[in-house]
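Subject: Structure for you to look at

Hello,

Here is the structure I said I would pass on. Please open it next to this message, and my notes follow below.

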Amino acid sequence: MAAAQPGFIAAYRAGAQRARDASCVDGAGNSTHTAVQRWGAFTVVALRVAMLRPLDPLRTTLERKLQEVDFVEAYAWWLVTQTNVNTESAWSYVCTVNAWHDRATGVGLAGGMSLGRVKRMLDGMQRLTGSPIARLRRVGVRPAHLASGIRLGPLRPASDPADANYAALMETALVAIARAGELAASRPASGFLRNLHPSRADVRFKLDAAGRPVECTLWIVNCKAKGAERFRRLPVYLPMSGAHLSPGWALWHLTEIIDPVPLERRAVTPLFRVPSTNAVLSVAQVRAKLRLCMAAIGRDASSYGAHSLRIGGATALAWLRVPGERIQCAGRWHSDAYLAYIRERRAETLSMLTQLAGADTDDLEADFVDIDLNGFDADDYD
């Protein structure tokens, strides 16, 4: 084959490698992932050994493979004890590095040996601490609080183009129940990615006879979708105005009044940007602005993150008694994972548990197992 088609094998290998790299979020085989960067620091910088450590799964001795498992275990231990990564994240890092290594070399770490021993070691490390893994719980942003925070906080969207970008993004994210990474750059270094981030061409308005906007549609991608579906743009219909938030008007004000761009530049201009540089806003920048807005109305800013906007949108729909399947559709969830984003209200929870405390229920299974011992009577037929 090589003689009949010179260069075929080389072209295939290069093309296949590009495709494998493109299968990951960063388009580089996850080589920019924090887990892989830490692996590089552990191997190349600290120990002066190679990052890529392929072993022949069949010919390599068991002793050699187990030595490599020890090496991976040392990486996990180093993550926890030297870099302050919790044990759960350390295992996630190990899995990410293992997948990266498999894509790069065709074989996982330790010649494809099971890394279950590393997981059990990390579980043991956590048990030795005598405490569970600390989890940061984000608070959802209420629509009324966001409106007040924008009005009373440091943002001046009516007069400052930069602030108008932040305000419009936050209103849009909450009402669209959007992930911050669907509207802003998760990693600032990646810059504006046209196939992932919305551009000015992705927001469209329907005008009435007088030229006033009456409908707003935003086309965004689901950044959690798999494969090529991750690039499919889905329409989100945003209200022009509401009692607290008006994302449609915020987008109209942003794109048509205070920070417009020429028609021919809309497709290559981030929808939400820093006007002075044309750089797409980052999730970190949005988080910082949101916390300033929440602090301005007396809220604990440290309890909020960029994802608080999505949490707040899902919780607001639940408060309105919107059926779960409609919340799932509105937030573009493919599973019941949306339930984790709905924050229970204290009054509702207390009411439910009060009813439970006074409930008179039958255990039919126990009743029928032994009628005499369990006091089965005519009431159990009801």
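The chain's secondary structure comes to 14 helices and five strands; here helices (H or I, at least four residues) and strands (E, at least two) are DSSP runs, numbered from the N terminus. This is a predicted model, in which local features need pLDDT of at least 70 and side-chain atom pairs count only at pLDDT 80 or more, while totals for chains, interfaces and linings use all residues. Residues are numbered from 1 along each chain as its sequence is written, and side-chain values use heavy atoms, with hydrogens and water left out.

Of the 382 residues in the chain, 38% are buried. Buried means under 20% relative accessible area, exposed over 50%, and partly exposed in between (1.4 Å probe, protein chains only). Take contacts (heavy atoms within 4.5 Å) between residues at least 6 apart in sequence: 61% of them join residues at least 24 apart.

Next, the cores. A nonpolar core is a set of buried Ala, Val, Leu, Ile, Met, Phe, Trp, Tyr and Cys residues joined through side-chain atoms within 4.5 Å. The largest one has 41 residues, of which Leu146, Met170 and Phe272 touch the most other members. Elements that each supply at least two residues of this core include α6 (143-152), β2 and β3 (233-238). The most comes from α7, with eight residues. Leaving aside neighbours within four places in sequence, methionine 170 is in contact with Leu146, Ile150, Leu155, Val286, Leu290, Cys293 and Leu309. Another core, of 25 residues, lies apart from the largest one, and Ala35, Phe42, Trp78 and Ala110 are among its members.

Alanine 110 is buried, at 1% relative accessibility. Arginine 48 is exposed, its relative accessible area being 72%.

Last, the strands. Strands β1 (residues 203-207) and β2 (residues 213-221) run antiparallel and are joined by five bridges; two strands pair if DSSP finds at least two bridges between them. One of the residues to look at is phenylalanine 205, whose bridge partner in β2 is cysteine 216. The hairpin of β1 and β2 has five residues between the strands, and glycine 211 takes a positive phi near 85 degrees there.

Regards
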